[in-house]
Amino acid sequence: MKSLLFIIALFVIASFLFHSHAQKPAWQPNIPKTWIDAEMAELEVPLADPLGSPKHVSAEYYYRIPERKIYKSYPVYAPGKEPPGYLEMLKQQEPEIVFDTAKLKTEADWIKAGELVFEAPGPLEEVKATTFARDPAWYAKTSTPLTKEGINPFFRYFVTLKGKVEIGRLQCTQCHIRVMADGTVIKGAQGNYPQGRAVALTRTQNSNRYKERELATYGIPWLKPDPLKVDQMTVEEYVGRQAAIPPGVIARQGTSTLYPAQIPDLIGVQERKYLDHTGLQRHRSSVDLMRYAILNQGMDVLANYGGFVPAAPDFQTLPAPSGELRPSEEQLYALALYLYSLKPPPNPNKFDALAKRGQQVFQSEGCAGCHTPPFYTNNKLTPVDGFTVPAEHKKKYDILPMSVGTDPNLALKTRRGTGYYKVPSLRGVWYRGPFEHSGSIATLEDWFDPKRLQEDYVPTGFVGYGIKTRAVKGHEFGLQLSVEDKRALIAFLKTL
């Protein structure tokens with residue numbers, strides 16, 4: 001009798017578990033509306049000079065922009081590494097649209113589709129014998145790193161029409177792929193494509209209307225005198241400013257060739273409350289990341305900055321929306337899921353006795369006050385020297401009421417300048433670099449060198465066009481540690 005009761009009890013439990021599992025609802029995407037006028041107006045932290053704070057295009061304008069299609073892409077091989085007949089084989093391929101929501105059934109499907117969005121291009125150009133990615137001289141001049149297979153992972157080939165192969169530009173992969181010394185690739189990391197050198201080569205070949213291009217990309221006409229000094233800029237300087245920017249740093253739209261930005265690591269982005277070094281945009285949920293993605297794929301240059309519209313031919317009149325392209329809501333949602341799913345690569349640095357001692361130094365020096373575990377940032381904004389925090393900001397934003405004395409130019413003299421820098425996360429510093437908001441320092445060892453505070457210092461990362469020496473000021477914490485304590489602290493930081 002007891003055996004029978006036991007068997008019945010097992011049957012009841014199994015039946016309950018089966019039905020509980022069977023009744024569990026399938027995962028469903030929850031796709032938010034990206035562009036809502038009232039929410040876009042509150043999305044960003046005002047600029048340091050609020051006169052230039054952008055007013056983004058209306059939802060009515062935005063949703064009249066056609067949605068882009070995402071086609072199947074193919075690897076780009078460096079010269080001498082391409083399989084025989086590869087380009088001819090690509091010309092025989094039928095165009096294939098690969099982002100199709102009807103085929104996305106699970107969360108994993110959506111994440112995988114997000115990777116396709118990550119690789120999707122902006123403008124396309126037909127591949128010819130003279131195309132940069134097929135030119136040995138281009139690789140020699142830019143020193144573009146390659147994978148073990150000889151692939152240039154920063155670009156992809158696309159077939160949108162049979163018989164025609166195109167290469168994409170301005171895709172996420174140009175900034176957020178890092179090729180390690182052994183040829184392995186980290187997607188989402190601070191990239192090391194030599195953007196500055198590549199742009200300099202392009203602009204050397206096509207330098208007409210260079211002043212207009214500089215204004216469209218970086219212009220801040222509400223600031224007087226003009227920090228860019230565009231009126232005084234020669235073609236040589238125009239090209240030289242870009243050539244001086246090292247891999248891992250970029251003069252993206254809204255920054256400056258004089259004050260570029262370190263490319264951020266997107267691994268762990270879901271843990272950060274503010275995006276951009278200057279904390280320009282708040283990040284409260286995935287829809288904010290979707291908005292950040294679309295703004296940084298070109299929608300920000302359609303905004304009105306105190307009467308200045310960067311993308312307008314006359315810098316005032318918006319172009320017709322029919323001439324633009326935008327990702328769909330579904331594409332942006334998939335991209336956000338993909339970015340949230342990214343994990344750091346296996347860390348080769350072990351938490352040994354030296355790292356444990358470094359952790360003790362980290363704690364005793366009070367580093368955790370700003371770089372708070374487990375994210376190793378307190379997710380706050382710190383004002384730069386020369387900026388007075390408005391009273392309303394103290395109630396609305398997460399502000400650390402102190403400056404660490406770093407160079408304020410990116411935060412004060414660019415279209416992304418809020419008067420703040422965000423406290424960066426220290427996670428993943430072992431595979432990142434160069435460091436500091438403008439990438440002035442190549443290694444952690446250089447960062448803790450007190451010589452960097454001196455005017456005769458030669459920065460090991462970004463130096464600047466026509467500059468031989470300059471101080472890398474600010475964040476003096478840790479500079480006075482003993483050699484042994486610095487070594488231990490760095491060992492600990494490399495385990496994060």
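Helix α12 (residues 353–364) packs against helix α16 (residues 483–493) with an axis separation of 7 Å and an angle of about 100°; the axes are lines fitted to C-alpha atoms over the stretch in contact, and angles run from 0 to 180 degrees between N-to-C directions. The helices α12 and α16 are therefore roughly perpendicular to each other (under 35 degrees counts as roughly parallel, over 145 as roughly antiparallel, 65 to 115 as roughly perpendicular and the rest as oblique). Contact here means heavy atoms within 4.5 Å, and the residues involved include Leu 354, Val 361 and Phe 362 of α12 together with Arg 487, Leu 489 and Phe 492 of α16. By class, the contact of α12 with α16 comprises nine nonpolar, two polar and four charged residues, where Ala, Val, Leu, Ile, Met, Phe, Trp, Tyr, Cys and Pro count as nonpolar, Asp, Glu, Lys and Arg as charged, and the others, Gly among them, as polar.

The model is predicted: local features need pLDDT of at least 70 and side-chain atom pairs count only at pLDDT 80 or more, while totals for chains, interfaces and linings use all residues. Residues are numbered from 1 along each chain as its sequence is written, and side-chain values use heavy atoms, with hydrogens and water left out. Helices (H or I, at least four residues) and strands (E, at least two) are DSSP runs, numbered from the N terminus.

Turning to the aromatic residues, a search of the whole structure finds 21 aromatic pairs. Rings of Phe, Tyr and Trp (its six-membered ring) pair if their centres lie within 6.5 Å; planes under 30 degrees apart count as stacked, over 60 as edge-to-face and the rest as tilted. The rings of Phe 118 and Tyr 338 form a tilted pair, because their planes stand at 55°, with centres 5.5 Å apart. This pair links helix α5 (residues 107–119) to helix α11 (residues 329–341), across 220 residues of chain. Both Phe 118 and Tyr 338 are buried (under 20% relative accessible area; exposed is over 50%, partly exposed in between, with a 1.4 Å probe and protein chains only).

Phe 154 and Tyr 193 also make a tilted pair, with ring centres 5.2 Å apart and planes at 40°. Phe 154 lies in strand β4 (residues 151–161) and Tyr 193 in the loop between β7 (185–187) and α7 (195–205), so the pair ties together parts 39 residues apart in sequence. Phe 154 is buried at 0% relative accessibility, and Tyr 193 is buried at 3%.
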